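Let's take a walk through this one together.

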Amino acid sequence: MERSGRRVTASYALIQSLYWVTSGLMFNFASAYLLDRGFTNGGIGALLGAAYGLSAVLQPLLAALFNRAGVRLSAALACAYVPVALCAAALLALPLKGASLAAVMIAALTLQSALQPSVNSLHRGFELSGLKVNFALARGIGSAAFSLCCFLMGRLLRRTAPSVLPACYLATLLLMVLCLARFRSPGLGPVEPQRARRAGEAPLLRRQRRFALFLPGLICLSFAHLFVDTFMLQIMRSVGGDSAGLGAAIAVAALTELPAMLLYSRVRARLDSFSLLRFAGWAWVAKIALVTLARSPQAICAAELMQFFSYAVYVPAAVDYIARTLPPQDFLKGQALAGSAFTLGSLLATFLGGRLVDWMGVRGALPLMSLVALSGALLFTAAVPRGRRIAHAGI
């Protein structure tokens, strides 16, 4: 049983790696590709914002579709990735430009983002069947793959044109479809008719009062977190730094994720996952506050070390929280709602954050982000019960 769990963890780590490699190629290098195709910065911002907004709406809808009885989540994901691969093939083979290019890019980016909660839920069926799958390790390897992909692609783009990106998209997407088709994850359990009627009469958020507090807390924390990520260059310049400082800050944050997630399983054996989720929320506040107070590029890089205690702990702790708070039949739906909340924070950081920077300047907006993060941490504290109490009926 233990050996089988390790094999599943290894396969799941490969899927997580392919997901984050594809995300790195599609999102982090979208600007380079679209600028090369004649888009303006404003047009790129609008395109990414549209993808974030559509993804926030689509994630719960996909979860409801995938959660139908008799559908393997891995098979459903493999099918869902086929249209993403077709979009990449269209970018590679067709002379798209203007509105047609924007439509294909929005479709690909929306689906890629919307499928993340389902990828994060793939291990749950194995755990329900008795196998121990190390989600934190698999997700940490995904972060390492993301960092390596971005590093290598950055070097490749120094030597080649951004037109190579669709070929890289397509190759990784085809590998993703193949790995998902071979994964064959067990189901999360059928939805009983009585329960289905209840879900229609009393929505999940009404039944799960603490979880309903968790989501706005996540919106606040992700808004502040992604504001810092989105406007890191402006923050660096405000303290005398430049693009080199930007790259250093991103690298520091990314490199903390794998060791934090590797240690998570060991720490969880001693500290309850509920406590770890509350801790991650307050560590997020500390990170935003340290960035706000920083007055040098080195201080900002030091603040990014808090990624080890904040986002890197939040990712596996949130999966544990949802698994323990919600019944198995609602796990995928809960993951999708959390994904939508995080995506909504991304949307706010992209649009509202830009307006705040134009109006107040980046140094003026940062204290406001600290207050937003504080609100999120307070909501996290209210959402997460103390001790090891579990109550699926509505804690």
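Sort the lining of the second largest pocket by class and you get 12 nonpolar, five polar and nine charged residues. Here Ala, Val, Leu, Ile, Met, Phe, Trp, Tyr, Cys and Pro count as nonpolar, Asp, Glu, Lys and Arg as charged, and the others, Gly among them, as polar. Keep in mind that this is a predicted model, where local features need pLDDT of at least 70 and side-chain atom pairs count only at pLDDT 80 or more, while totals for chains, interfaces and linings use all residues. Residues are numbered from 1 along each chain as its sequence is written, and side-chain values use heavy atoms, with hydrogens and water left out.

How is such a space found at all? Rolling a probe the size of a water molecule over the atoms shows where empty space is left. In detail, the search runs on a 1 Å grid over the protein atoms alone: a pocket is an open set of points where a 1.4 Å probe fits, with protein on both sides within 12 Å along at least five of seven lines, and lining residues have an atom within 4 Å of a point. The second largest pocket holds about 660 Å³ of space; grid points are joined across faces, edges and corners, and the volume is the space filled by probe spheres set on the points.

Which residues lie nearest the centre of this pocket? They are Lys132, Val133, Asn134, Ser265 and Arg268, out of 26 lining residues. Helices H1 (2-28), H7 (124-128), H8 (135-159), H14 (243-268) and H17 (311-325) each supply at least two residues of the lining. A helix here is a DSSP run of H or I with at least four residues, a strand is a run of E with at least two, and both are numbered from the N terminus.

Now zoom out. The protein chain has 19 helices and zero strands. Of its 395 residues, 55% are buried, where buried means under 20% relative accessible area, exposed over 50%, and partly exposed in between (1.4 Å probe, protein chains only). The chain exposes about 17100 Å², with carbon and sulfur atoms supplying 65% of that; the areas come from the Shrake-Rupley method with a 1.4 Å probe, and for residues only the protein chains shown count as cover. A contact means heavy atoms within 4.5 Å. Among contacts between residues at least 6 apart in sequence, 87% join residues at least 24 apart.

Setting aside residues up to four places away in sequence, Gly5 touches Leu131 and Lys132. Gly5 counts as buried because its relative accessibility is 3%.

Next, the charges. Side chains of opposite charge can pair when their charged atoms come close. A salt bridge is a side-chain nitrogen of Lys or Arg within 4 Å of a carboxyl oxygen of Asp or Glu, and the count comes to three. In one of them, Asp320 meets Arg268 at 2.7 Å, N to O. This pair links distant parts of the chain, with Asp320 in helix H17 and Arg268 in helix H14, 52 residues apart. Asp320 is buried, at 15% relative accessible area, whereas Arg268 is partly exposed, at 30%. Arg268 also touches Ser273 and Leu276.

Another salt bridge joins Arg324 to Asp272, with the closest N and O atoms 2.9 Å apart. Arg324 sits in helix H17 and Asp272 in the loop between H14 and helix H15 (273-293), 52 residues apart. Both ends are buried: Arg324 has a relative accessible area of 17% and Asp272 one of 8%.

The remaining salt bridge pairs Lys287 with Glu304, at 3.5 Å between the closest N and O atoms. Lys287 lies in helix H15 and Glu304 in helix H16 (residues 297-304), so the pair ties together parts that are 17 residues apart in sequence. Lys287 and Glu304 are both buried.

Lys287 has a further partner to look at. Gln307, in the loop between H16 and H17, is in contact with Lys287, and also with His225, Ala253, Thr256, Glu257 and Ala312, leaving aside neighbours within four places in sequence. Is Gln307 buried or exposed? Gln307 is buried, with a relative accessible area of 4%.
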